[in-house]
Amino acid sequence: MMAYQAMGIMPEELENEPELNPLVRHVWGWFCELNQARNAGGMAVSPIGYQDIKAWSDMTGTKIMPWEVTALRKTDAAFLHSINLAKG
């Protein structure tokens with residue numbers, strides 16, 4: 001998506017991107033915020049921890065439900081898995 005925003009070229013993978021369900025779209029937005037503030041841990045990307053989510057929630061005044069925390073952690077696990085697959 002960043003390539004599209006920067007250069008106006010839509011990657012093939014995003015041409016038929018599915019719409020997010022409105023009931024969980026906010027969780028994706030939260031993940032994007034947390035991902036941008038992620039700590040880099042040397043050679044690897046550090047997972048977003050519970051303490052990161054709690055600090056973000058407290059600082060932004062966002063009330064977060066337990067299922068949303070689970071969704072954030074699972075989204076992060078999938079993100080980290082995709083990074084590892086890309087590295088080979």
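**View 1. Trp67 sits in helix 5, which spans residues 66–87.** Helices here are DSSP runs of H or I with at least four residues, strands are runs of E with at least two, and both are numbered from the N terminus. This is a predicted model, so local features need pLDDT of at least 70 and side-chain atom pairs count only at pLDDT 80 or more, while totals for chains, interfaces and linings use all residues. Residues are numbered from 1 along each chain as its sequence is written, and side-chain values use heavy atoms, with hydrogens and water left out. Trp67 counts as partly exposed because its relative accessibility is 44%; buried means under 20% relative accessible area, exposed over 50%, and partly exposed in between (1.4 Å probe, protein chains only).

**View 2. Leu23, Val24, Met65 and Trp67 make a nonpolar surface patch of about 420 Å².** Patch members have over 30% relative accessible area and no salt bridge; nonpolar side chains (Val, Leu, Ile, Met, Phe, Trp, Tyr) are joined within 5 Å, and like charges within 9 Å. The areas come from the Shrake-Rupley method with a 1.4 Å probe, and for residues only the protein chains shown count as cover.

**View 3. Helix 5 has a buried side.** Tucked away here are Glu68, Val69, Leu72, Asp76 and Leu80. They cover an arc of only 110° around the axis, so they end up on the same side of helix 5; the arc is that of the directions from the helix axis to the C-beta atoms. What do the buried residues of helix 5 pack against? Their partners are helix 3 (25–36), strand 2 (44–45) and helix 4 (50–60). Turned away from the buried side, the other face carries the exposed residues Pro66, Lys74 and Leu85.

**View 4. Arg38 and Asp76 form a salt bridge, with their closest N and O atoms 2.6 Å apart.** A salt bridge here is a side-chain nitrogen of Lys or Arg within 4 Å of a carboxyl oxygen of Asp or Glu. The pair links distant parts of the chain, 38 residues apart: Arg38 is in the loop between helix 3 and strand 1 (40–41), and Asp76 is in helix 5. Both residues, Arg38 and Asp76, are buried.

**View 5. Lys54 and Asp58 meet in a salt bridge at 3.0 Å, N to O.** Both lie in helix 4, 4 residues apart, which is about one turn of the helix. Lys54 counts as exposed because its relative accessible area is 51%.

Definitions and conventions. Contact means heavy atoms within 4.5 Å.
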